[in-house]
Amino acid sequence: MSDFTATDHLMMARALRLAERGAYTTRPNPMVGCVIARGDEVVGEGFHQRAGEAHAEVVALQAAGEQARGATVYVTLEPCAHTGRTGPCADALVEAGVARVVTAMRDPFPQVDGAGFDRLVAAGIDVVDGLMETEARELNRGYVSRVVRGRPWVRVKLATSIDGRSALANGESKWISGEASRNDVQHWRARAGAIVTGAGTVLADDPSLTVRLDEAQPFEPPLRVVLDPGLATVHRGRVREGDAPTLYVHAPHTKLGRGISAQLAVVDVERGRFDLNRVLKLLAERGINEVQVEAGATLAAAFLDAGLVDELLLYVAPVLLGSEARPLFDGLNIEHMDERLQMDIVDSRQLGGDIRLLLRPRG
């Protein structure tokens with residue numbers, strides 16, 4: 001392990017903050033930030049904003065100009081070594097004559113995965129990896145999940161009363177959480193590549209599942225995905241409206257009927273349930289890094305029961321809905337305490353009158 005200096009940590013922290021500015025726009029690419037410095041002086045910096053546009057290193061090099069020669073480059077992800085929609089960043093760094101490259105993490109993408117480091121080292125550049133790697137992996141957890149596990153990172157969003165209820169017995173759920181919580185959800189939607197719901201939620205709540213942010217804040221509309229075995233909702237609902245694309249996942253042999261103009265995909269159904277692993281693989285093939293599930297208690301439980309939930313975004317409102325109200329998860333059959341699903345609280349904060357919890361399954 002290299003002995004990183006205080007300046008190294010300061011510059012990499014700055015690069016990570018830059019990278020995060022692309023959270024709503026970079027997909028399917030990872031978020032990357034880059035800082036070029038000469039000692040304690042920053043001479044250039046940048047972040048990757050959109051797929052097909054300049055990568056962070058190129059933006060920073062353009063800002064630094066001739067001052068990049070002999071400088072240290074701090075970048076949150078291994079510089080790419082292949083030609084995609086843009087040229088290799090490793091080559092750009094070599095041509096600029098930088099002396100040292102400090103990275104947070106290796107890029108697991110097969111066409112990079114060490115090749116960027118090799119190209120820099122071959123050119124005589126000092127390369128050091130692993131500075132603030134935990135923070136970098138956390139930032140790009142969706143990208144890493146898609147590349148390494150072959151499926152997106154799955155976040156289930158739910159609102160609950162303090163007695164663990166998600167809706168009244170008649171299905172009414174607007175609104176359990178307060179306005180501050182509902183505004184907060186928009187930011188989580190904006191960083192998701194897809195928002196997944198079920199046909200039951202579309203029929204009961206008629207959600208639009210769109211992102212509503214300040215007009216000055218750019219974002220790429222996430223794909224709306226409706227799991228609908230029989231395509232009962234394909235001709236109805238606000239989920240078809242607006243600029244965001246919509247994909248309907250249906251069972252094999254479903255009669256499509258006439259006049260369906262929506263995007264469709266087929267996934268097997270067993271005992272009334274979709275193969276959720278296959279659903280996620282399908283979304284990974286479309287370049288989706290993060291999935292946000294916004295559905296009812298049954299589908300939320302199905303994802304959890306299948307071991308496919310990476311984090312739970314839970315908005316807890318200080319209200320009671322009573323014993324006849326619907327549970328937070330419906331279908332989790334836990335009979336013994338040693339079968340309980342344990343969660344770790346990653347983050348907790350107050351939003352208006354509500355508490356927002358970010359939880360992850362232990363282990």
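This is a predicted model: local features need pLDDT of at least 70, side-chain atom pairs count only at pLDDT 80 or more; totals for chains, interfaces and linings use all residues.
Me: What does H10 pack on, and which strands does it touch?

Reply: I'll take the sheet before the helix. Strands of a sheet pair through backbone hydrogen bonds, either parallel or antiparallel. Here 9 strands form an open sheet with mixed pairing, and the order is E11-E10-E9-E8-E14-E6-E15-E18-E17. At the edges sit strand E11 (263-266) and strand E17 (343-351), each of which pairs on one side only. On average, neighbouring strands are turned by 25° against each other, direction ignored. Helix H9, residues 276-285, packs on this sheet and touches E6, E8, E9, E10, E11 and E14. The direction of H9 makes about 160° with that of E9. Now your helix: H10 (residues 297-305) also packs on the sheet, touching E6, E8, E9, E14 and E17. Its direction makes about 135° with that of E6.

Me: And what comes just after H10?

Reply: Look at Gly307 there: its phi is positive, about 70°.

Me: How do I read a helix with a buried side? Which residues of H2 are buried?

Reply: The general idea is helix geometry. An α-helix has 3.6 residues a turn, so residues three or four places apart point the same way. Now the case here: in helix H2 (residues 56-64), the buried residues are Ala56, Glu57, Ala60, Leu61 and Ala64. They cover an arc of only 130° around the axis, which puts them on the same side of H2.

Me: What covers the buried residues of H2?

Reply: The cover includes strand E1 (33-38), strand E2 (41-47), strand E3 (72-75) and helix H3 (89-96). H2 is then followed by Gly65, with a positive phi near 60°.

Me: On to charges. How many salt bridges does the structure hold?

Reply: There are 25 salt bridges. When you read one, check where each partner lies and how buried it is. Take Arg100 and Asp126, whose closest N and O atoms are 3.9 Å apart. Arg100 lies in strand E4 (residues 100-103) and Asp126 in strand E5 (residues 126-129), so the pair ties together parts that are 26 residues apart in sequence. Arg100 is buried, at 19% relative accessible area, whereas Asp126 is partly exposed, at 39%.

Me: Is the Glu311 and Arg141 pair buried or exposed?

Reply: Both partners are buried: Glu311 has a relative accessible area of 0%, and Arg141 has 9%. Their closest N and O atoms are 3.4 Å apart. This pair links distant parts of the chain, with Glu311 in strand E15 (residues 311-317) and Arg141 in helix H6 (residues 141-149), 170 residues apart.

Me: Let's zoom in on single residues. Which residues is Leu357 in contact with?

Reply: Leu357 is found in strand E18 (residues 354-361) and is buried, with a relative accessible area of 16%. Leaving aside neighbours within four places in sequence, its contacts are Leu312, Leu313, Leu314, Val316, Ile345, Asp347 and Ser348. One of them, Ile345, is 12 residues away in sequence and 6.8 Å away in space, C-alpha to C-alpha.

Me: And where does Ser208 lie?

Reply: Ser208 lies in the loop between helix H8 (199-205) and E9. A loop residue can be read in just the way we read the others. Ser208 counts as buried, at 15% relative accessibility. Its side chain makes a polar contact with the side chain of Arg212, at 3.4 Å. Not counting residues up to four places away in sequence, Ser208 touches Arg224, Arg238 and Val239.

Technical notes:
Residues are numbered from 1 along each chain as its sequence is written. Side-chain values use heavy atoms; hydrogens and water are left out. Two strands pair if DSSP finds at least two bridges between them. Helices (H or I, at least four residues) and strands (E, at least two) are DSSP runs, numbered from the N terminus. Axes are lines fitted to C-alpha atoms, for helices over the stretch in contact, and angles run from 0 to 180 degrees between N-to-C directions. Contact means heavy atoms within 4.5 Å. A salt bridge is a side-chain nitrogen of Lys or Arg within 4 Å of a carboxyl oxygen of Asp or Glu. Buried means under 20% relative accessible area, exposed over 50%, partly exposed in between (1.4 Å probe, protein chains only). The arc is that of the directions from the helix axis to the C-beta atoms. A polar contact is a pair of N or O atoms within 3.5 Å; within protein, one must be able to donate a hydrogen and the other to accept it, and residues adjacent in sequence count only if both atoms are side-chain atoms.
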